[in-house]
Amino acid sequence: MSDHPSLIAAFDRLNLPGDMRALIIGHHSEAQRYYHTLRHIDLMLGQIPAHHAFTPEMTAATLFHDIIYDPARGDNEELSLAMFQSASDVFLPPEPLDKRLVAEMILATKSHHFSDERTAQDQAVNLLLKADLSILWHADPEVYAWYAAGVRKEYGFVPEVRFREARATILTRLRDDLLLSGQLTLAEQDMLKRNIGWELG
């Protein structure tokens, strides 16, 4: 686990017992995962602010948002939320978690739709979504290439032509939404356009 320092810190921050840590590690180590792995969780946790009113909620949502992941299904987020809800009573953070906010965060990762930041909770949801999508503007081309290759392997059951068409549609929508969201810095916008441009050829 030395390869995932942010993950260990998150476990400690939430004071998770050993069996819950093992559950999270086990699910994210399943054979069908090539991108949605512990590395994805660790990279995502590295983007979560360390000092925010809802850092514990963002941390819990990160650990659980992809705990159920089957590329052939369309209800992974709902199933992941159900697992969080069944397990959340064992969380022993310094302060009680806002479980309803964690649930909102997990479900928000399905559409990745940023909301108007009227409250601190809205901001926290947007921060969680930005962390989940941050691979798209990662500065290291090799890390982005690992992500792109991993997604292709996860959808290995989809024929190449069909995959490329669907992937182009998804990436184009994400790129355009992100550029209009006001969530990215200019440097992040440049990296986003570079990475997606490379993948789409």
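The buried residues of helix 7 are Asp122, Ala124, Val125, Asn126, Leu128, Leu129, Lys130, Ala131, Asp132 and Leu133. Here "buried" means under 20% relative accessible area, "exposed" means over 50%, and "partly exposed" lies in between, with a 1.4 Å probe and protein chains only. A helix is a DSSP run of H or I with at least four residues, a strand is a run of E with at least two, and both are numbered from the N terminus. This is a predicted model, in which local features need pLDDT of at least 70 and side-chain atom pairs count only at pLDDT 80 or more, while totals for chains, interfaces and linings use all residues. Residues are numbered from 1 along each chain as its sequence is written, and side-chain values use heavy atoms, with hydrogens and water left out.

Helix 7 is largely enclosed by the rest of the structure, because 10 of its 14 residues are buried. Those buried residues pack against helix 3, helix 4 (55-64), helix 6, helix 9 and helix 10 (186-200); contact means heavy atoms within 4.5 Å. The length of helix 7 can also be checked. At 1.5 Å a residue, its 14 residues should span 20 Å, and the end C-alpha atoms are 20 Å apart, which agrees. The expected span is 1.5 Å times one less than the number of residues.

Along the principal axes, the C-alpha atoms fill a box of roughly 50 × 40 × 30 Å. Of the 201 residues, 46% are buried. Among contacts between residues at least 6 apart in sequence, 66% join residues at least 24 apart.

Next come the spaces within the model. On a 1 Å grid over the protein atoms alone, a cavity is a set of points where a 1.4 Å probe fits but cannot get out; a pocket is an open set with protein on both sides within 12 Å along at least five of seven lines; and lining residues have an atom within 4 Å of a point. Grid points are joined across faces, edges and corners, and a volume is the space filled by probe spheres set on the points.

The structure holds 1 cavity of 30 Å³ or more. The largest cavity is lined by Tyr35, His40, Leu43, Met44, Ala131, Asp132, Ser134 and Ile135. Helix 3 (38-45) and helix 7 (120-133) are the elements that give two or more residues to this lining, and helix 3 gives the most, with 3 residues.

The largest pocket has a volume of about 860 Å³. Its lining has 33 residues, of which His36, Tyr69, Tyr155, Arg167 and Ile170 lie nearest its centre. Helix 9 gives the most to this lining, with 7 residues. By class, the lining residues divide into 15 nonpolar, 7 polar and 11 charged; Ala, Val, Leu, Ile, Met, Phe, Trp, Tyr, Cys and Pro count as nonpolar, Asp, Glu, Lys and Arg as charged, and the others, Gly among them, as polar.

Helix 9 also contains Leu180, which counts as exposed because its relative accessibility is 74%.
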